[in-house]
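I opened this notebook to record what I looked up, one topic at a time. The entries below follow the order in which I went through the model.

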Amino acid sequence: VLRRACEGQLPTLLKNKQRPTPHVGPWDTAPTDIAQLTDAVQHLHAEEAVLHLDDLLLRRTDWGVVPADARALAPAVLTALGWDAARCKTETARLHVQLNTCPPPTQAPQ
């Protein structure tokens with residue numbers, strides 16, 4: 001996502017010290033309707049070879065940019081993936097480790 005957002009803008013960014021306008025793609029915002037969320041998750045799982053919850057929330061989509069959102073969305077995503085209770089527990093723990101090791105967001109240069 002960052003590469004797409006910055007393509008062709010690097011000289012301008014360095015000169016003006018501004019952040020690029022983020023690329024808005026189909027997976028940048030999590031669907032709010034449970035049926036749409038389920039369809040999106042199942043599509044991502046099948047087409048994008050998602051292996052882990054953190055992979056889906058933090059890399060394949062921008063749904064986990066805000067850690068609290070990732071934690072809140074995780075149960076519905078796990079349900080949509082249809083994984084058993086043991087796998088869900090493992091994936092939830094893995095997500096929490098990833099969220100707790102992420103550096104806090106920084107402000108854009110002034």
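This is a predicted model: local features need pLDDT of at least 70, side-chain atom pairs count only at pLDDT 80 or more; totals for chains, interfaces and linings use all residues.

I began with D55 and R59, which both lie in helix α4 (residues 53-60), four residues apart, about one turn of the helix; helices here are DSSP runs of H or I of at least four residues, strands are runs of E of at least two, and both are numbered from the N terminus. An α-helix has 3.6 residues a turn, so residues three or four places apart point the same way. I found the side chains of D55 and R59 joined in a salt bridge at 3.5 Å, N to O, the term standing for a side-chain nitrogen of Lys or Arg within 4 Å of a carboxyl oxygen of Asp or Glu.

Residues are numbered from 1 along each chain as its sequence is written, and side-chain values use heavy atoms, with hydrogens and water left out.

I took buried to mean under 20% relative accessible area, exposed over 50%, and partly exposed in between, with a 1.4 Å probe and protein chains only.

For α4 as a whole I listed the buried residues as L53, D54, D55, L56 and L57. Their cover includes α3, α5 and α6, where contact means heavy atoms within 4.5 Å.

I then turned to helix α6 (residues 85-101), in which R87 and E91 are four residues apart, about one turn of the helix. R87 forms a salt bridge with E91, and the closest N and O atoms are 3.0 Å apart. R87 is partly exposed, since its relative accessible area is 29%, but E91 is buried, with a value of 2%. Salt bridges that share partners also join E48, D54, D55, R59, R60 and R94 into one network, and the count of salt bridges comes to six.

Which residues does E91 touch, leaving aside its neighbours within four places in sequence? I recorded L51, H52, L53, D54, L78 and W83 as its contacts. W83 came up again with R87, whose charged end sits over the ring of W83, 3.8 Å from its centre; the rule asks for NZ of Lys or CZ of Arg within 6 Å of the ring centre and within 35 degrees of the ring normal.

I moved on to T61, in the loop between α4 and α5 (67-81). T61 counts as buried because its relative accessibility is 3%. A polar atom of the T61 side chain lies 2.7 Å from the backbone oxygen of L56.

T38 lies in helix α3 (residues 34-47) and, at 22% relative accessibility, counts as partly exposed. T38 and V77 are 39 residues apart in sequence, and their C-alpha atoms are 7.2 Å apart in space. T32, in the loop between α2 (10-16) and α3, is exposed at 82% relative accessibility. The C-alpha atoms of T32 and L73 are separated by 9.9 Å, although these residues are 41 apart along the chain.

The secondary structure comes to six helices and zero strands, and the elements run α-α-α-α-α-α from the N terminus on. Of the 110 residues in the protein, buried residues make up 27%. Among contacts between residues at least 6 apart in sequence, 52% join residues at least 24 apart. The protein exposes about 7600 Å², of which carbon and sulfur atoms supply 57%; accessible areas come from the Shrake-Rupley method with a 1.4 Å probe, and for residues only the protein chains shown count as cover.

Methods:
A polar contact is a pair of N or O atoms within 3.5 Å; within protein, one must be able to donate a hydrogen and the other to accept it, and residues adjacent in sequence count only if both atoms are side-chain atoms.
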